[in-house]
Each structure stands twice: as C-alpha cells, then as structure tokens.
Amino acid sequence: MSEPIRFYFRGAVQEIHDAAPTRTVLQHLREDLHCTGTKEGCAEGDCGACTVVVGSLNAAGQLEMKAVNSCIQFAPTLDGKALFTVEDMQQPDGALHPVQQAMVECHGSQCGFCTPGFVMSLWGMYLDKYGKPAQRKQIDDCLSGNLCRCTGYRPIIDAAHRMTELPKVAFDRAALTQQLQALQREAGSTYTARGQSFHAPRTLEELVALRAAHPKATLLAGSTDIGLWVTKQMRELGDIIYLGHVTALQSVQQQDGMLEIGAGVSLNAAYEALCKLYPAQLGELWQRFASLPIRNAGTLGGNVANGSPIGDSMPWLIALGSEVVLQGPSGRRVLALEAFYLDYQKKDLQADEFVAAVRVPLPRAGVQFRTYKLAKRFDQDISAVCAAFAFTLDGDKVIDARIAFGGMAATPRRAPRAEAALTGLSWSETNLRVAMDQLAQDFAPLSDMRASSTYRMQTAQNLLRRFWLETRTDAPLAADAVNAFACRA
C-alpha cells in the first residue's frame with residue numbers, strides 16, 4: 001500500500017500523494033508549492049542557486065540542520081523531515097533576517113539569481129554557530145558550493161561577518177524536534193506513484209529483505225550522483241530503495257583496530273570522524289571534497305559503492321588497507337577495498353547485496369601516510385589525479401609500501417611495481433627515482449578534458465617525490481615548503 005510523503009514546511013505538515021518518486025525537491029517547490037524563491041541553475045548540485053536547509057532527526061533523535069542542493073534531491077527523501085527555503089527567512093514583523101540584512105548592507109547581491117542560495121548557506125552556518133562570529137576558512141567552506149558571477153565574493157564574505165553583529169534571531173529547535181518526532185514512522189514505508197515505487201526501510205532486516213526481493217532496484221543514499229542520472233541523463237530508475245532512514249547504517253564506531261563507518265553516514269560526518277584520527281593527512285582533502293551541501297547529503301558508503309576511478313576517497317582508503325562490508329541474505333562478508341573493484345564500474349557485489357559499511361584502520365606506529373589531490377581549482381573540483389601513500393618505515397628502511405592512485409586507471413588501484421621497487425630498501429632518492437620510473441609500468445592513464453596522459457603520469461611521479469621530501473629521515477620538508485595552500489592566512 002502506498003503511503004504519502006509527509007514533511008514539515010512553512011508551519012504545517014505537507015503531503016505528497018501522486019508526484020513521481022524521482023521528482024526533485026526543487027521541482028516540487030517551484031511547480032507544485034509555487035515557492036519560487038529557490039532557483040534552478042545547473043541542475044547538478046554545482047552552482048548552489050537551489051540551496052535549501054533540511055532539518056532531520058539523527059539516529060540519536062537529535063535535530064540536524066543541513067544545507068543541501070534541492071535540484072538533485074528526490075521529493076520522497078523529505079519524508080519525516082523539515083524543509084526551509086528563502087521564503088522562511090522573513091521575520092514575523094516583516095523584517096529581514098540578519099543574514100539577509102547583512103547581504104543588503106554589504107552589497108552582496110547584484111542580479112540576485114544566486115542570492116537565495118547564498119542566504120540559505122549562510123543561514124545554515126548562522127544556525128550552526130548560533131550567531132557567533134566565524135573564521136574566514138569556515139566561511140569559505142560554507143560558501144564553496146555557491147557560485148556568484150556578478151558581485152564577487154568579497155561583499156558576500158563581508159556579509160558573513162556582518163550577520164553576526166546584527167541583533168540575533170533565535171531558532172526554536174525544541175519545537176521543530178517535537179514536530180519531527182510526530183512525523184517519524186515506526187516501520188519502513190513504500191510510496192508508489194506513476195508506476196514506480198520508492199521503498200524506505202527503517203531496519204537492516206527490512207533492507208536485506210527488500211534488496212533480495214528487488215535485486216534490480218536502484219539503491220539511493222545521498223542522491224549526489226544518482227540525482228544527476230535523472231536531471232542530466234534523463235534515465236528511468238525503476239523502483240528505488242532508499243537507505244537514508246536505516247538507523248543501523250548511521251553508526252560510526254571503533255572496533256578491532258578499525259573505525260567502522262556505516263554506509264548511511266554522510267561524507268561530512270565521516271570525514272569529521274576520520275580527521276580526528278588523521279587530521280594532517282585528511283584535513284585539506286575534507287575541505288576540497290566537493291562542496292558542503294554535497295558532503296551534507298552524500299555518503300562515504302555511496303562514494304565507495306559508486307567506485308568512480310576519479311573518486312577522492314578510494315585512493316587513501318586503499319593505501320591504508322581499508323575494508324568494505326557487504327551484506328545480503330547470506331549475512332555479512334568483508335573484502336579488502338582494493339579487491340572490491342574488478343574493472344570500470346564492475347565490482348565484486350552480488351545482485352542481492354549492498355555496501356553496509358567501510359572499515360578504516362586506526363593510526364599505527366611507524367606508518368607515514370599522506371594523500372594529495374590535483375585539480376584545476378582548490379574548491380569543488382574533480383581530481384585530475386588523486387594520490388595516497390602509506391609507508392611503514394623502520395628508520396630509513398621501507399618495511400611496507402602502499403601506493404594508490406585515482407585518475408590513473410579504470411579503477412582506483414595500487415601501483416605494485418613501484419611498491420616492489422621500494423619494499424625492503426632504504427627510503428633514499430636513488431630508490432625513489434626507480435619507483436617513479438616504475439609508475440610508468442603500473443599505469444597507462446588516459447587523456448581527457450581534465451588532464452592529458454602525460455600530465456597525469458608526470459604529476460603522479462612528482463607526488464611520490466613530494467611524499468619522499470616530506471617523510472625522508474634527512475631534513476624532511478614542512479608543509480609550507482611543499483604546499484602553496486598551507487601558506488594561506
């Protein structure tokens with residue numbers, strides 16, 4: 001039996017009964033609810049004109065408010081949540097919210113098309129900081145998913161500072177939490193419309209049964225990739241199984257020397273936990289991994305399950321020796337992540353299985369670990385090359401070398417010849433040069449719009465050299481000597 005989609009919006013519970021399961025939140029806002037303040041720009045989660053804030057209860061029942069791209073989120077994912085748009089910013093007395101007032105005072109808007117998205121991103125930070133001042137890096141991260149082609153970012157950044165100086169406007173989290181508690185379902189639900197079903201299980205057992213019964217259904221987590229299948233490729237997805245309400249997939253826990261991250265944990269939450277373990281190694285990559293709205297919606301499990309050859313997570317996960325947990329009717333099985341990828345878009349995954357978790361080794365003594373991303377922009381760009389190195393050193397001797405790259409082959413994978421050229425030998429420049437040469441035997445990268453094959457090979461070799469410069473026993477170089485971004489104020 002089909003159940004309506006219920007969500008809290010503009011002071012009331014809204015219901016969706018007959019919209020296609022792949023109708024986006026943006027389409028529903030503009031065309032069905034006639035709330036046209038939210039704009040459509042790229043329809044792929046890049047420009048931020050469509051940014052909204054979604055409120056939801058996490059596994060612990062606590063309220064979370066996240067800025068997301070409404071253009072690639074499907075409307076049924078709103079079930080049990082709250083939706084906030086630029087129309088909600090107006091105060092009861094008609095006054096502007098401090099975020100909006102600051103944009104006016106600092107001249108942060110010109111044509112105005114991008115402004116609602118900026119306002120919603122800034123409002124998300126305003127709520128997170130409780131109106132307290134933010135550092136420039138936090139502001140840059142907040143705005144990384146919003147593009148402005150008229151005003152430029154200086155007055156918008158000024159507005160981000162100014163909004164905290166204006167009289168504060170409170171947000172009633174307790175009242176919203178109560179509203180959402182009343183919308184929560186005790187068991188999974190199915191929404192059916194236009195000949196398509198959207199299954200939303202609540203427990204792991206329900207998910208296993210659904211996957212076994214619908215092995216061809218599309219598994220949906222954050223929709224940051226699958227959303228584009230609809231908006232850009234016009235694909236028909238068939239039935240959908242949504243993972244976003246499965247509480248068992250939301251956990252992050254340490255056990256057996258590993259950090260196990262459930263497949264439903266957002267990229268932002270996953271990297272927050274990982275950066276507590278590897279702050280120097282993953283901090284920059286966390287900031288450069290897409291934009292904040294994408295990281296708020298996407299999941300590490302989805303990134304791994306997608307298996308893109310240019311995905312930023314897989315090289316360092318492989319270099320560290322991470323594992324993927326697969327689950328199906330026969331139970332759980334654990335694979336080394338590097339064994340999970342068989343060929344381009346081909347994985348060791350049965351039709352009735354799904355990715356349940358990713359297991360990342362905890363820091364170990366003697367292991368030197370680094371990861372590097374090369375792209376044309378610092379923020380929100382796809383890698384040309386992503387490299388990761390995890391070497392176990394005993395003094396100046398390489399006990400174990402793990403080298404992994406993305407963007408160099410049809411799958412993210414290791415460099416066995418280069419590793420063999422270093423294992424058991426001294427971590428010297430002579431042996432480094434041999435390993436650099438061996439990378440040309442390990443990979444035959446392609447040329448595409450992001451980089452030529454020559455560029456990819458040369459930079460991959462240079463990144464291995466940079467790793468040596470940072471980790472050699474004789475006068476290793478500090479970050480500000482090898483990374484221009486480390487010199488930023």
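Predicted model: local features only at pLDDT ≥ 70, side-chain atom pairs only at ≥ 80, totals over all residues.

**A walk through the model**

Apart from its neighbours within four places in sequence, Ser70 touches Thr24, Val25, Leu26, Thr38, Cys50 and Val52.

Lys39 is placed in the loop between helix 1 (25–32) and strand 3 (51–57). Is Lys39 buried or partly exposed? Lys39 is partly exposed, as its relative accessible area is 23%, and the limit for a buried residue is under 20%.

To give a sense of scale, consider Lys39 together with Leu477. These two residues are 438 residues apart in sequence, and their C-alpha atoms are 47 Å apart in space.

That brings me to the overall division of the chain. Domain 1 is made of two stretches, 5–88 and 173–242. Domain 2 covers 98–163, domain 3 covers 247–361, and domain 4 covers 368–488. Taken over C-alpha atoms, the centres of domain 1 and domain 4 are separated by 40 Å.

I turn now to charged pairs. Side chains of opposite charge can pair when their charged atoms come close. How many salt bridges does the structure hold? There are 29 salt bridges in the structure, and I shall describe some of them.

One of them joins Arg185 to Glu3, with 2.8 Å between the closest N and O atoms. This pair links distant parts of the chain, 182 residues apart: Glu3 is in the segment before strand 1 (5–9), while Arg185 is in the loop between helix 6 (173–183) and strand 6 (189–193). Arg185 counts as buried at 14% relative accessibility, whereas Glu3 is partly exposed at 28%.

Another salt bridge brings together the side chains of Glu105 and Arg162, at 2.7 Å from N to O. Glu105 belongs to helix 2 (residues 98–105) and Arg162 to helix 5 (residues 154–162), so this pair ties together parts that are 57 residues apart in sequence. Glu105 is partly exposed, with a relative accessible area of 35%, and Arg162 is partly exposed at 25%.

A further salt bridge lies within one helix. Arg288 and Glu284 meet at 3.4 Å, N to O. Both belong to helix 10 (residues 279–288), where they are four residues apart, or about one turn of the helix.

Just after helix 10, Ala290 adopts a positive phi of about 55 degrees.

My last topic is a sheet. Strands of a sheet pair through backbone hydrogen bonds, either parallel or antiparallel. Here, five strands make an open sheet with antiparallel pairing, in the order 10-11-16-12-13. Strand 10 (252–255) and strand 13 (331–336) are at the edges; each has a single partner strand, so one side of each is left without a neighbour in the sheet. From one strand to the next, the twist averages 25 degrees.

Within this sheet, strand 11 (residues 258–262) and strand 16 (residues 354–361) run antiparallel and are joined by five bridges. Which residue of strand 16 is the bridge partner of Glu260? The partner is Arg359. Finally, helix 7 (residues 204–213) lies across strand 12 (323–328) and strand 16, and runs at about 125 degrees to strand 16.

Thank you for your attention.

Methods
Residues numbered from 1 in each chain as written. Heavy atoms only, no water. Contact = heavy atoms within 4.5 Å. Salt bridge = Lys/Arg side-chain N within 4 Å of Asp/Glu carboxyl O. Helix = DSSP H or I, 4+ residues; strand = E, 2+ residues; numbered from the N terminus. Buried < 20%, exposed > 50% of the residue type's maximum accessible area, 1.4 Å probe, protein only. Domains from an automatic or database assignment. Pairing = 2+ DSSP bridges. Axes fitted to C-alpha atoms, helices over the stretch in contact; angles between N-to-C directions.
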